[in-house]
Amino acid sequence: LKAPGGPQLAAVSLDGFDTHANQGPQLALRLTSLDALVDGLQTGLGPVWNDTVVLAVTEFGRTARVNGTAGTDHGTASTALVMGGALKGGGILGDWPTLKRQALFEDRDLYPALDLRALQKGLLAEHLGVDTRALDTLVFPESGGVKAMTGLVRA
């Protein structure tokens, strides 16, 4: 990844996050592994980290309330982590509707306030120069109505 002319994109899959019971200790272990992976990537890339964007996403959300076995079940919205030296600033992207009961989606899930395709489109366009038309039709088919989130990557 750091070699001149080398790959510009890598994908890593981490398993074991789909927990439904005794979630606290399991997630702590999984998130520690994710932290070590990102730290190793940053260390290994050295100065190339300044030109790097890391996106960590899950394929499904979770419920906002704990179930009877000290875990959560599959839900609607989720969280994405965006990291790397090529990013501008930091903080929460999108809206944070809170976990108050009246803010939940269908009275059980975190409200889906941001279409992750908007985040992904913005990163792919700004960081890798992927054309908007390709993003709308090839990368995310039939997603022309989802506008790319911009202003995330340093110029």
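## Where two helices meet

Lys121, Leu124 and Ala125 of helix α2 touch Leu135, Asp136 and Val139 of helix α3. Sort the residues of this contact by type: 4 are nonpolar, none are polar and 2 are charged.

## How the two helices are set

Two packed helices are described by the angle between their axes and the distance between the axes. Here, helix α2 covers residues 116–128 and helix α3 covers residues 132–139. Their axes stand 10 Å apart, and the packing angle is about 135°. That angle makes α2 oblique to α3. The α2 and α3 crossing is right-handed.

Asp136 belongs to helix α3. Is Asp136 buried or exposed? Its relative accessible area is 17%. Buried means under 20%, so Asp136 counts as buried.

Which residues does Asp136 contact, once neighbours within four places in sequence are set aside? They are Lys121, Pro141, Glu142, Ser143, Gly144 and Val146. One of them, Lys121, lies in helix α2 and takes part in the contact with α3.

## Val38, in another helix

Now turn to helix α1, which spans residues 23–45. Val38 sits in this helix. Val38 has a relative accessibility of 11%, so Val38 is buried too.

What does Val38 touch, apart from residues up to four places away in sequence? Its partners are Trp49 and Met83. Val38 and Gly84 are separated by 46 residues in sequence. In space, their C-alpha atoms are 9.0 Å apart.

## The whole chain

The protein chain holds 3 helices and 4 strands. Along the sequence, the order is α-β-β-β-β-α-α. The chain has 155 residues, and 25% of them count as buried. Its C-alpha atoms fill a box of roughly 50 × 35 × 25 Å along the principal axes.

How much of the contact pattern links residues at least 24 apart in sequence? Take the contacts between residues at least 6 apart. Of these, 64% join residues at least 24 apart.

## Confidence in the prediction

The mean pLDDT of the protein chain is 93. A value of 70 or more is reached by 100% of its residues. Which elements have the lowest and the highest mean pLDDT? Strand β2, residues 61–62, is lowest at 90. Helix α3 is highest at 98. That helix also carries Asp136.

Conventions. Residues are numbered from 1 along each chain as its sequence is written. This is a predicted model: local features need pLDDT of at least 70, side-chain atom pairs count only at pLDDT 80 or more; totals for chains, interfaces and linings use all residues. Side-chain values use heavy atoms; hydrogens and water are left out. Axes are lines fitted to C-alpha atoms, for helices over the stretch in contact, and angles run from 0 to 180 degrees between N-to-C directions. Angles under 35 degrees count as roughly parallel, over 145 as roughly antiparallel, 65 to 115 as roughly perpendicular and the rest as oblique. A crossing is left-handed if the near helix is turned anticlockwise from the far one by less than a right angle, and right-handed if clockwise. Contact means heavy atoms within 4.5 Å. Ala, Val, Leu, Ile, Met, Phe, Trp, Tyr, Cys and Pro count as nonpolar, Asp, Glu, Lys and Arg as charged, and the others, Gly among them, as polar. pLDDT is the predictor's confidence in each residue, from 0 to 100. Buried means under 20% relative accessible area, exposed over 50%, partly exposed in between (1.4 Å probe, protein chains only).
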